[in-house]
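Subject: Structure handover

Hi there,

Here is the structure I promised to pass on to you. Please have it open while you read, as my notes follow below.

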Amino acid sequence: MDDRELQLKIDAYSDMLFKLSFLRLQNLQDAEDVVQEVFYQYVKKRPVFQSPEHEKAWFLKVALNGCRKVWRSAWRRHRDIWQDGEGEAPDTAGREADSDVCGREPEESVLRQEENWRLLQAVLALPEKYRDVIHLFYYEELSVKEIARATGRGESTVTSQLARGRKLLRKSLKEGYDFG
């Protein structure tokens with residue numbers, strides 16, 4: 001494997017893997033470590049893929065396994081989840097808002113960033129099984145079949161987890177607007 005081929009894979013998958021890892025672990029350094037480990041495993045194992053979908057599923061599966069490994073570690077269990085940002089997550093949900101600023105009123109941009117932050121908070125508050133499928137479906141635009149393959153869950157399980165996750169999100173976001 002040459003450096004150019006590796007760089008192409010890093011360019012294609014690193015952002016997706018980081019977002020998934022961060023969503024799962026809620027810690028910047030841990031998410032970065034998982035992404036590094038995924039590419040280390042790629043270089044070490046040199047897998048042969050049957051299709052682009054198989055390749056993407058392999059990268060997602062290795063990232064999810066890496067997240068589980070970090071989550072189970074003794075070090076992880078004895079420290080605060082949000083220690084690296086004074087309780088704030090990086091702006092992963094609002095990155096596109098920065099590029100919208102031109103041509104929009106500043107108030108609209110701020111409101112959009114605030115809504116993205118609320119949505120990210122609501123997704124992070126979901127139980128892990130719903131958080132994963134919501135992220136993969138909406139943020140990474142994977143099909144139910146691809147999510148099932150990447151997570152090792154059945155398609156019907158993914159479908160029901162998506163429905164339950166959406167219901168929990170609606171309830172959570174609606175409660176955020178109830179003032180009385």
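**Helix packing and confidence**

Leu 119, Val 123 and Leu 124 of helix H6 touch Arg 131, Ile 134 and Tyr 139 of helix H7. By class, this H6–H7 contact consists of five nonpolar residues, no polar ones and one charged. H6 covers residues 106-125, and its axis lies 8 Å from that of H7, at an angle of about 140°. Since only angles over 145 degrees count as roughly antiparallel, H6 is oblique to H7.

Before going on, please bear in mind that this is a predicted model. The mean pLDDT of the chain is 81, and 79% of the residues reach at least 70. Which elements mark the two ends of the confidence range? Helix H2 (residues 28-45) has the highest mean pLDDT, 94, while helix H5 (residues 95-100) has the lowest, 42. Residues 80-101 are a stretch to treat separately: the pLDDT there is below 50, and the model gives this stretch 39 contacts beyond near neighbours in sequence.

Back to H7, which has another partner. Helix H1 (residues 3-25) and H7 (residues 128-139) have axes that come within 10 Å and cross at roughly 155°. That makes the two helices roughly antiparallel, and their crossing is right-handed. On the H1 side the contact uses Met 16, Lys 19, Leu 20, Leu 23 and Arg 24; H7 supplies Glu 128, Arg 131, Asp 132, His 135 and Leu 136. Four of these residues are nonpolar, one is polar and five are charged.

From H1, the contact includes Tyr 13, Met 16, Leu 17, Leu 20 and Arg 24, and from H3 it includes Phe 59, Leu 60, Ala 63, Leu 64 and Trp 71. What is the make-up of the H1–H3 contact by class? There are 13 nonpolar, one polar and five charged residues.

Finally, the aromatic rings. Searching the whole structure gives ten aromatic pairs. One to look at is Phe 39 with Phe 59, a tilted pair with 5.7 Å between the centres and 50° between the planes. Because Phe 39 sits in H2 and Phe 59 in H3, the pair ties together parts 20 residues apart in sequence.

Best wishes

Methods. Residues are numbered from 1 along each chain as its sequence is written. This is a predicted model: local features need pLDDT of at least 70, side-chain atom pairs count only at pLDDT 80 or more; totals for chains, interfaces and linings use all residues. Side-chain values use heavy atoms; hydrogens and water are left out. Axes are lines fitted to C-alpha atoms, for helices over the stretch in contact, and angles run from 0 to 180 degrees between N-to-C directions. Helices (H or I, at least four residues) and strands (E, at least two) are DSSP runs, numbered from the N terminus. Angles under 35 degrees count as roughly parallel, over 145 as roughly antiparallel, 65 to 115 as roughly perpendicular and the rest as oblique. A crossing is left-handed if the near helix is turned anticlockwise from the far one by less than a right angle, and right-handed if clockwise. Contact means heavy atoms within 4.5 Å. Ala, Val, Leu, Ile, Met, Phe, Trp, Tyr, Cys and Pro count as nonpolar, Asp, Glu, Lys and Arg as charged, and the others, Gly among them, as polar. pLDDT is the predictor's confidence in each residue, from 0 to 100. Rings of Phe, Tyr and Trp (its six-membered ring) pair if their centres lie within 6.5 Å; planes under 30 degrees apart count as stacked, over 60 as edge-to-face and the rest as tilted.
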